[in-house]
Amino acid sequence: MTHYDVATAAVQAALDAGARYADARVMHRRYESMSARNGDIEELTQSEDAGIGVRALVGSSWGFYAVPDLSDGAARAAGGRAAKIAAASARVPGPAADLVPVQARTASWSSECETDPLSVPLSDKGDLLVHATKTMREHGADQAEGLYQIWDTEKWFVSSEGHRIDQRIRECGGGIASIAVGDGEVQRRSYPANRGQYGTQGWELVESLDLGAHAARIADESRALLTAPPCPAGETTLILGDEQMALQIHESVGHAIELDRILGWEAAFAGTSWLDLDQLGSLHYGSELMNITIDPTIPGALGSFGFDDEGTPAARRHAVKEGRWVGVLAGRDSAAVAGLDYAGSVRADGWARLPMVRMTNVGLEPGPHTLDEMIAATDDGVYMDTNRSWSIDDKRLNFQFGCEIGWEIKNGRRGRMLRNPTYTGIGPVFWRSMDMLSSEVVPWGTPNCGKGQPGQIGHTGHPAAPARFQNVRVGVRG
Amino acid sequence: MSAELAQRVLGMVPAGVEAEVFVDHMARALTRFANSFIHQNVADATTTVRLRLHADGRTASGATTVTTDEGLRGLVSRTLDAARLCPPDAGWPGLAAPAALAGEGNWDEETAKASPEARADRVRAFVDAAGGLETAGYCRTLHWSAAFANTAGQVAAGRTAEIAMDGIARVEGADGAARIASGQLSDVDGAALGARAAAKARAGAGAVELPPGRYEVVLEPAAVVDVLQNLSLYGFNGKAYNERQSFAEPGAQQFDEAVTLADDALGDTGLGVPFDAEGTPKRRVELVSGGVTQRVAHDRRTAAEAGAESTGHAALGGRTRGALPANLRLMPGPAASTVEAGAVIDPAAASLVAGVERGLLVTDLWYTRVLDPKSLVVTGLTRNGVWLIEDGELTTPVRNFRFTQSYPQALGPGAVLGVGGEATMFPDMWGAAWWTAPALRLASWNFTGGASG
């Protein structure tokens with residue numbers, strides 16, 4: 001049997017058991033990660049998983065069942081179980097469930113990949129991390145860490161509406177970090193980002209990072225941070241680097257525009273959103289410099305795909321246009337509830353998890369400035385970069401973020417290094433205070449976005465550029 | 001089946017190679033509700049085979065869910081190839097020697113085999129008991145069985161089952177929460193939980209904003225769980241300790257004398273299997289006794305580095321995060337004189353609230369992140385209900401705060417004004433970890449911002 005045959009059998013079994021709609025995803029994923037520490041390989045892990053997840057809609061109620069068995073019998077049983085679970089859901093029924101229409105299609109799609117990352121010799125990949133971590137140790141790191149991760153995912157999607165879509169998505173990335181331990185505190189510097197940089201690309205992405213060339217600098221910076229003055233407390237002009245901006249977008253825009261949160265579907269766990277659908281199209285989310293797109297079509301970005309996990313083709317749209325909120329991340333069912341005519345942002349973390357609304361690539365369009373211009377135009381402020389901590393409330397309003405490093409800005413120049421920089425604010429107030437935005441966009445990838453119950457890890461992309469904000473409270477400490 | 005799978009894999013490993021195999025079968029079902037109806041209802045049953053090999057002084061790990069002969073042979077072959085290409089592993093601590101287990105784990109058949117209807121009925125009861133308030137949450141059942149075998153002769157098997165329910169009720173912008181975890185299906189009463197969540201939500205309506213600052217607090221057991229999780233991850237983690245990134249100093253009076261903290265996956269009510277990822281038997285490990293830090297948790301590697309013995313805390317999925325005590329129990333205080341809890345205050349917190357002249361009752365801590373791992377300064381928010389306490393009574397619902405607080409400092413000598421007389425078990429948000437906590441009355445908690453910034 002082909003994987004399409006297995007998925008088709010599961011869908012048919014769900015229909016036979018009473019479902020009025022069903023879909024199935026067969027997925028096969030290979031994963032490899034290697035971590036190095038202080039010049040040695042710390043851990044090498046390779047894993048493989050394969051299975052089928054079936055979604056069934058019975059009346060107005062959903063059910064989902066998944067098994068790691070791709071035989072015909074197991075697939076049919078899974079389809080039947082999904083329908084049975086859906087029938088149990090009807091004991092606490094909701095309003096009539098509908099799906100916004102999506103043209104059924106047969107298609108194949110693959111992400112771009114120059115160098116298959118799983119085919120690169122382990123010794124070459126290990127040498128890269130060993131060299132970088134050794135260099136950091138030589139430059140004073142108490143702990144020198146390096147990591148890469150690779151995912152190679154193939155999936156076959158079949159729906160009762162006639163979809164037959166297969167995709168292969170290869171993702172990889174990595175990074176390094178230097179940790180300096182002082183009396184009573186720990187300082188950390190990472191390159192190129194706290195969790196590294198990731199994309200739907202081959203090993204060429206990791207090579208392009210040139211990890212070894214940055215090892216000495218971040219080790220030196222981590223040690224220097226131990227004796228740097230603390231970030232002053234108060235309200236000031238804040239310039240954020242592009243990596244921290246990616247986190248700012250992810251937490252205070254990306255999650256807030258998830259339609260399932262807006263509809264209350266995540267109320268008990270991840271939370272809701274401060275956004276009200278009645279204000280879609282009119283709400284001023286930020287300053288006129290703020291243009292945020294939902295764009296899974298960006299080649300090589302981590303949130304890219306050909307079709308989402310409901311078979312909706314990737315398409316670009318605005319979430320925020322010239323500061324006005326105009327779009328959401330939606331699935332076929334949530335869009336129908338909200339009265340919207342588009343979906344396309346539903347994905348699952350593997351075959352054993354229910355597809356749900358997830359960020360794709362949610363990021364900023366370029367602005368008219370440069371980072372140097374922002375610094376030159378600032379008399380008194382703080383420049384922060386590289387995310388270290390992130391906390392935001394369940395409505396995605398009240399945030400407090402910490403960065404690894406900061407610098408004083410005085411009279412248009414970057415001055416002293418500052419340790420433990422933090423800033424806090426309320427999402428829309430903060431975004432409305434953005435008065436300068438750089439054109440220097442980097443498509444950052446976030447490989448660790450948690451959501452859902454059971455928990456799912458999502459891979460999201462965030463094109464981001466340095467930006468300047470006014471009257472921001474900084475230097476919050478315990 | 002898991003034990004047989006472990007032996008099959010071990011039999012595929014060439015002679016002379018040190019190997020350990022951990023097979024776990026997780027059957028998980030979760031019925032999720034929002035806007036007072038079931039909107040997601042999922043189940044999966046997954047067997048994962050994890051293999052770690054040490055060949056010619058080199059170590060590699062692999063895992064698969066493909067349990068056919070071909071899949072298992074592929075796992076062994078790939079992992080051997082990977083090990084050959086790895087540099088020498090000078091810190092290899094060797095395999096766990098044969099050792100007896102403390103039982104097979106707490107397992108209840110009715111819980112393990114709970115049906116979708118049983119979960120849905122509890123949701124129905126929760127929704128109905130909320131009296132028309134909007135509700136959301138989940139009811140989850142798990143059946144986890146595991147087997148271990150290594151080439152040193154250690155063989156282990158165990159199983160456990162769990163039910164957990166966690167829900168909120170909502171009214172006029174106020175949320176009230178109730179949750180519990182147990183090994184017995186019959187322990188989880190959806191109606192009782194729904195009624196408590198609704199009472200808390202109603203009592204939270206019309207909340208006022210208070211100025212940030214330091215307040216005396218009573219943390220309900222659910223909020224204390226967040227403290228335990230962060231102490232586990234950053235403090236009592238043997239790897240963090242070895243790397244000098246932990247606050248822990250064994251032998252030092254780092255906590256108030258009212259604090260006794262142990263990790264115990266078993267006991268009468270524990271919900272774990274009786275061995276860790278390296279096959280080391282689980283046992284009760286006291287980490288803090290009367291406020292004095294006793295030890296940190298170790299796997300075999302961190303133990304070897306520290307000159308200690310494994311405490312049975314090797315984590316599944318690799319050693320990068322270190323050895324984590326993920327079944328922490330904060331011991332309850334002496335049984336308190338009977339205080340009428342009412343519908344809002346968790347009964348476990350009632351006697352503590354009665355002693356507060358002016359302070360805050362906090363239900364949950366949310367989205368906590370560490371600013372500095374060594375001092376364990378954490379920022380986060382309150383959630384699901386805060387009330388002003390005046391002269392031992394709840395007087396006013398309060399809007400949520402942001403806080404920035406060192407957790408060890410909050411529990412430091414002289415800082416704990418009371419420990420609740422009973423402890424509650426809670427599910428972990430992400431997986432197989434369970435936390436047991438009483439309420440705590442603390443002298444000071446640093447609220448650094450209000451709901452409006």
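Visitor: How many residues of chain A are in contact with chain B?
Guide: The model is predicted, and totals for interfaces use all residues. On the side of chain B, 74 residues take part. On the side of chain A, the number in contact is 79 residues.

Visitor: What is the area buried between chain B and chain A?
Guide: The size of an interface is often given as the accessible area lost when the parts come together. Carbon and sulfur atoms give 52% of the area between chain B and chain A. The whole area buried there is about 6,600 Å².

Visitor: Which residue of chain B forms a salt bridge with Asp142(A)?
Guide: Between chain B and chain A the count is ten salt bridges. In the one that Asp142(A) forms, the closest N and O atoms are 3.5 Å apart. A salt bridge needs these atoms within 4 Å, so the pair qualifies. The partner is Arg244(B).

Visitor: Which element gives the largest share of the side of chain B that touches chain A?
Guide: Across this interface there are 35 residue pairs in polar contact, both residues at pLDDT 80 or more. The largest share of the side of chain B is eleven residues, and the element they come from spans residues 37-55. That element is strand S2 of chain B.

Visitor: Which residue is the bridge partner of Ser47(A) in S3(B)?
Guide: Strand S2 of chain A (residues 40-58) pairs with strand S3 of chain B (residues 58-64). The pairing is in the parallel sense and runs over four bridges. For Ser47(A), the partner in S3(B) is Ala63(B).

Visitor: What distance separates the centres of domain 1 and domain 2 of chain A?
Guide: Chain A is divided into domain 1, residues 3-227, and domain 2, residues 234-474. Their contact takes 53 residues from domain 1 and 48 residues from domain 2. Taken over C-alpha atoms, the centres are separated by 21 Å.

Visitor: How many salt bridges are counted between domain 1 and domain 2 of chain A?
Guide: The area buried between these domains is about 4,200 Å², with 55% from carbon and sulfur atoms. Elsewhere in the list of contacts, Asp309(A) and Lys155(A) meet through their side chains in a salt bridge, at 2.9 Å from N to O. Between the two domains, the count is seven salt bridges.

How values were computed
Residues numbered from 1 in each chain as written. Chains lettered and ligands numbered in written order. Predicted model: local features only at pLDDT ≥ 70, side-chain atom pairs only at ≥ 80, totals over all residues. Heavy atoms only, no water. Contact = heavy atoms within 4.5 Å. Buried area = accessible area lost by both parts, 1.4 Å probe. Polar contact = N/O pair within 3.5 Å; in protein donor to acceptor, adjacent residues only side chain to side chain. Helix = DSSP H or I, 4+ residues; strand = E, 2+ residues; numbered from the N terminus. Pairing = 2+ DSSP bridges. Domains from an automatic or database assignment.
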